[in-house]
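Dear colleague,

Please find the structure below for your records.

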Amino acid sequence: MTEERTHAALGHPAQVAASGRIDVHTHLVPPEWQANPGASAPLLRGFTAWSVPAALEMMDRQGIATAVLSMAFWSGMFAGADDLPAARRLARSSNEMAAEMIRSYPDRFGCFACLPMPDVDSALAEIDYALGTLELDGVILLTNANGVYLGDSRLDPVFDELNRRGTVVFLHPTLPACVECTSLGYAPPLIEFVFDTTRAVTHLVLSGTLERCPDLRLIVPHAGGTIPYLAERIELVASRFVPGAAERAPAGVKAYFRRLYYELAISTSPHAVASVLQLADPERILFGTDFPALFEEDVQRLTQALDDNPLLQPRDLEMIQRENALRLFPRLRRPSPAAR
C-alpha cells in the first residue's frame with residue numbers, strides 16, 4: 001500500500017488534485033427535504049446534518065477528489081404518483097442545486113439528475129432540462145417507483161431517450177412495494193435494498209430493455225446487489241421457465257450483466273469483491289461511499305478494506321478508485337482554477 005493511500009484511509013489530509021478517488025455513490029440533500037425529512041428521519045440522521053462544506057471536508061480527509069452526487073430519497077416521498085407537481089418541483093430544485101454546486105466546485109462535484117418518475121412526460125422534460133440545459137453528468141433512477149420497476153414497458157420512452165443520449169445511469173435501490181411484508185420489521189437497507197437492486201436489474205435484462213438500449217451506461221450499486229452471486233441461477237432458470245427470454249435477451253443473461261458497471265459501496269470485503277470479479281472485469285468496477293447514509297468512520301473503514309483487499313493489485317485499485325470513472329465522466333479530466 002502506498003504512503004498516500006495509507007494516509008487517506010486513516011483520515012489524514014490527502015492530495016486530491018491528480019490521484020484522488022472519484023466517489024460515484026454519494027448524496028446531496030436539498031434544503032426543503034432536509035428541513036422536513038418526515039418519518040424516515042431516524043434512519044437518515046446523517047442526511048439531516050449534510051452540507052456542502054461538511055461534504056468537502058469529509059472528501060479531503062478521505063482522499064476523495066470528486067463526488068458525483070445524487071439526490072437520496074425514499075420511493076414513497078418522491079415517486080410522482082400522489083403529488084406530481086411537488087415531485088416536479090423537488091426534481092427541478094435539486095437538479096438546479098447540483099448545477100450550482102458544480103459551477104462553484106467544477107472539479108469537486110458532478111451530479112446525477114433525478115427525475116419525477118414514474119410519470120413519463122415529466123421525466124422526459126426533466127431529462128431535456130437537466131442534461132441539455134444544466135449539463136449534469138447523468139441520471140439516477142430508483143429500482144422502482146410506486147411498484148413500477150425499471151424495465152416496465154411503460155417506461156420505454158424514458159429509456160429510449162436516455163439511450164439516444166448515451167447517458168450514464170446510476171441505479172439506486174428503494175423500498176419494494178411490499179416492504180411491510182418482507183422486511184420482517186428490520187430497516188429496509190439491511191437486506192431489502194440489495195434484493196430490489198437484483199429485481200430491477202434482472203427485469204431490465206429479461207424485459208429486453210438492455211438489448212434495445214445498448215448505449216446506456218448503467219452503474220449498479222453495492223456490488224450489484226446479489227446479481228454476481230445469482231448470475232448463473234438467473235440465466236439457467238430464465239432459459240427454462242421465462243417464455244421469450246431468449247428473444248428479448250439474445251446475447252444471454254450473463255452477457256448483459258457483464259456489460260454493466262458495479263460500484264462497491266458497503267461491498268469492499270474479499271468475499272464481496274471476489275463475487276464481482278467472477279462476473280465483471282476490473283475496468284467495470286467503481287468506487288463509492290454511500291455518504292452520508294454511512295458515517296465517515298464507516299467510509300474510512302470500508303475504504304481501508306478496499307485498499308487492503310488481497311484480490312486487487314495496485315493497478316486494479318487505480319482503475320477502480322479513479323480511472324474507470326474518468327472514462328464515464330471525461331469532464332472531470334479538465335483542470336480548473338476553481339478546484340479546492
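**Salt bridges and a bent helix**

In this predicted model, the side chains of Asp 307 and Arg 21 meet in a salt bridge, with 3.0 Å from N to O. The pair links distant parts of the chain, since Asp 307 belongs to helix H15 (residues 296–307) and Arg 21 to strand S1 (residues 21–28), 286 residues apart. Both Asp 307 and Arg 21 are buried.

A second salt bridge joins Asp 60 and Arg 108, whose closest N and O atoms are 2.9 Å apart. Asp 60 lies in helix H4 (residues 52–61), while Arg 108 sits in the loop between helix H5 (84–104) and strand S3 (109–114), so this pair ties together parts that are 48 residues apart in sequence. Asp 60 is partly exposed, at a relative accessible area of 29%; Arg 108, at 2% relative accessibility, counts as buried.

A further salt bridge is found within a helix. The side chains of Glu 161 and Arg 164 meet at 2.7 Å, N to O. Both residues lie in helix H7 (residues 156–164), 3 residues apart, which is about one turn of the helix. An α-helix has 3.6 residues a turn, so residues three or four places apart point the same way. Glu 161 counts as buried because its relative accessibility is 17%, under the 20% cut-off. Arg 164, by contrast, is exposed, with a relative accessible area of 58%. Glu 161 and Arg 164 also belong to a network of salt bridges that links them with Asp 128 and Arg 165. Over the whole structure, a search finds 16 salt bridges.

Helix H11 (residues 227–241) also deserves a note. A straight helix of 15 residues would span 21 Å, but the end C-alpha atoms of H11 span only 18 Å. H11 bends by about 30° at Arg 233. Its buried residues are Ile 227, Pro 228, Ala 231, Ile 234 and Ala 238. These buried residues pack against helices H9 (192–206), H12 (245–248), H13 (253–258) and H14 (270–277), and against strand S9 (261–263).

As for the protein as a whole, its secondary structure comes to 16 helices and 10 strands. Of its 340 residues, 57% count as buried. Among contacts with a separation of 6 or more, 79% are between residues 24 or more positions apart. The accessible surface comes to about 14,600 Å², and 55% of that surface belongs to carbon and sulfur atoms.

With kind regards

How values were computed:
Residues numbered from 1 in each chain as written. Predicted model: local features only at pLDDT ≥ 70, side-chain atom pairs only at ≥ 80, totals over all residues. Heavy atoms only, no water. Helix = DSSP H or I, 4+ residues; strand = E, 2+ residues; numbered from the N terminus. Expected span 1.5 Å × (residues − 1). Bend = angle between axes of the 7 residues up to and from the residue. Buried < 20%, exposed > 50% of the residue type's maximum accessible area, 1.4 Å probe, protein only. Contact = heavy atoms within 4.5 Å. Areas by Shrake-Rupley, 256 points an atom, 1.4 Å probe, with all protein chains shown as cover. Salt bridge = Lys/Arg side-chain N within 4 Å of Asp/Glu carboxyl O.
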